[in-house]
Amino acid sequence: MGKTFCATNDRAILAASFGTSFTDSGEKNIGAIEKALAEAFPGLEVRRAFTSSMVIDILKKRDGIMIDGVEEALERALADGIKILYVQPTHLMKGIEYNGLADKLKKYAVKFDRIILSEPLLSSYDDITNVAQSIALRTSAYDDGKTAVCFMGHGTEAEANKVYTDLKHRLDRDGYKNMYIGTVEASPTLDDLLRDVRNGGEYKRAVLVPLMVVAGDHANNDMAGDKPGSWRRAFEKEGLETVCLMEGLGQIEAIRNIYISHLKTAVENDEPFGTLKNGKNRNKHGVPIDGVYSIDVLSSSPMFIIKKAVLTVKNGKMTAEITLGGRGYSHLFMGTEEEAEMSGGEGAIPFRADENSGYTYTVPVRALDEPLYCSAFSAKKKRWYGRQIKFLSDSLIRIR
């Protein structure tokens, strides 16, 4: 049974959005999500913060509209006596904006009794499935065999950018072969999108749709704008009749319900976020309590850079999945170069690869904040190279 809330002054929801300078679209989308959250949690006040300082500055200078940034919203919550803050990001994925939000929350976590960070829109396989169904239903009127429906995502340099590929695969598996996805600032690019549409069928028309919470600057200018290089101009140049649907994802009830579901899960689990400093959430030996955490790792060598690390603590024992920036090392060994050579390969840890990153290895972690020997075997040079790595406890963020 889910939790119910009576009116209280010491708990609140912070809806954290990138933001938009297109105020009408912002209220139709971000405002609609915030209203849905308020209706789903009637005992909790819903507060607003934008993660884009550029958008905040535009609204202030142009319209006199004052919107809190994340730090301002957190300071305001503290001043108002909020002790437990539930944070619901409206971002699509765990990209740069989401990660920046998480970093800011981590710094403030010790000032609250609890900060509980919920998931963005596309955080699981079920989310991919539900969003695919939602956007397909939204554009079903154009499924006439002659129309290519093309969704514009923002794109990110973060690993989370692969959600666009996952979403396209889900649409294909569900039979929506006329639906395509491109991004403004990552891959698939506009050129990739145009190529896919050319190869996809004998289309007469293209419908362009924002795959963004708000139909803001990118939708109005990069997608539907008159300037050379806009998506609309590019598709018209291909000889296709082009229609632009200027609606954000926040206007879709099923999308709003996904955010509500994520927040309900976060509230019911009631797991504090980023409160590991000063001994909180540690056992008597200083080890984090059982759970899964993102963590930063320092390396002694620029030839051995760890791009990503996820620490798992189970029954007080720690292991980490570490992903390197390259693919030059076939095995790791948690010990010195000499110990690795003497082992004859016993205890060596093989890589696991995927198409979107470097090699990943699962390694035991004896301690945090201490240099640990970690040797790497070069597949090309057939020799071990000794390194040292350090897992930083101050960077720990609980993710489940």
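Trainee: In this predicted model, does Asn 315 count as buried or exposed, and what is the relative accessibility behind that label?

Mentor: Asn 315 sits in the loop between β10 (306–314) and β11 (317–324), and its phi is near 55°, a positive value in a residue other than glycine. Most residues other than glycine have a negative phi. To be called exposed, a residue needs over 50% relative accessible area, and Asn 315 therefore counts as exposed, at 65%.

Trainee: Which loop holds Lys 382?

Mentor: Lys 382 also has a positive phi, of about 55°, although it is not a glycine. With a relative accessibility of 59%, Lys 382 counts as exposed. Its place in the chain is the loop between β15 (372–378) and β16 (383–398).

Trainee: How many disulfides does a search of the whole structure find?

Mentor: A disulfide is a covalent bond between the sulfur atoms of two cysteines. The sulfur of Cys 150 has its closest cysteine sulfur in Cys 244, but the two are 10 Å apart, which is too far for a bond, given that a disulfide needs sulfur atoms within 2.5 Å. Cys 244 is likewise in no disulfide, and the number found in the whole structure is 0.

Trainee: Which strands stand at the edges of the open sheet of 8 strands?

Mentor: The strands follow the order β13-β12-β15-β16-β9-β10-β11-β14, with antiparallel pairing. A strand at an edge has a single partner strand, so one side of it is left without a neighbour in the sheet. The edge strands are β13 (349–350) and β14 (360–365).

Trainee: Which residue of β15 does Leu 332 stand opposite?

Mentor: Strand β12, residues 329–333, runs antiparallel to β15, and 4 bridges join the two. Leu 332 stands opposite Ala 376.

Trainee: Which residues touch the most other members of the largest nonpolar core?

Mentor: In soluble globular proteins, nonpolar side chains tend to be buried together. This core has 50 residues, and helix α10 (residues 253–269) gives the largest share, 7 residues. Leaving out residues up to four places away in sequence, Leu 211 touches residues including Leu 92, Ile 135, Phe 151 and Leu 249. The residues that touch the most other members are Leu 121 and Leu 211.

Trainee: How many residues line the second largest pocket?

Mentor: About 800 Å³ of space lies in this pocket, and Phe 18, Glu 97, His 154, Met 212 and His 218 are the lining residues nearest its centre. The elements that give two or more residues to the lining are α2 (53–63), α4 (96–108) and α8 (217–223). Altogether, the number of residues lining the second largest pocket is 32.

Definitions and conventions
Residues numbered from 1 in each chain as written. Predicted model: local features only at pLDDT ≥ 70, side-chain atom pairs only at ≥ 80, totals over all residues. Heavy atoms only, no water. Buried < 20%, exposed > 50% of the residue type's maximum accessible area, 1.4 Å probe, protein only. Pairing = 2+ DSSP bridges. Core = buried A, V, L, I, M, F, W, Y, C linked by side-chain atoms within 4.5 Å. Contact = heavy atoms within 4.5 Å. 1 Å grid on protein atoms, 1.4 Å probe; cavity = no way out; pocket = protein on both sides within 12 Å on 5 of 7 lines; lining within 4 Å. Points joined across faces, edges and corners; volume = space filled by probe spheres on them.
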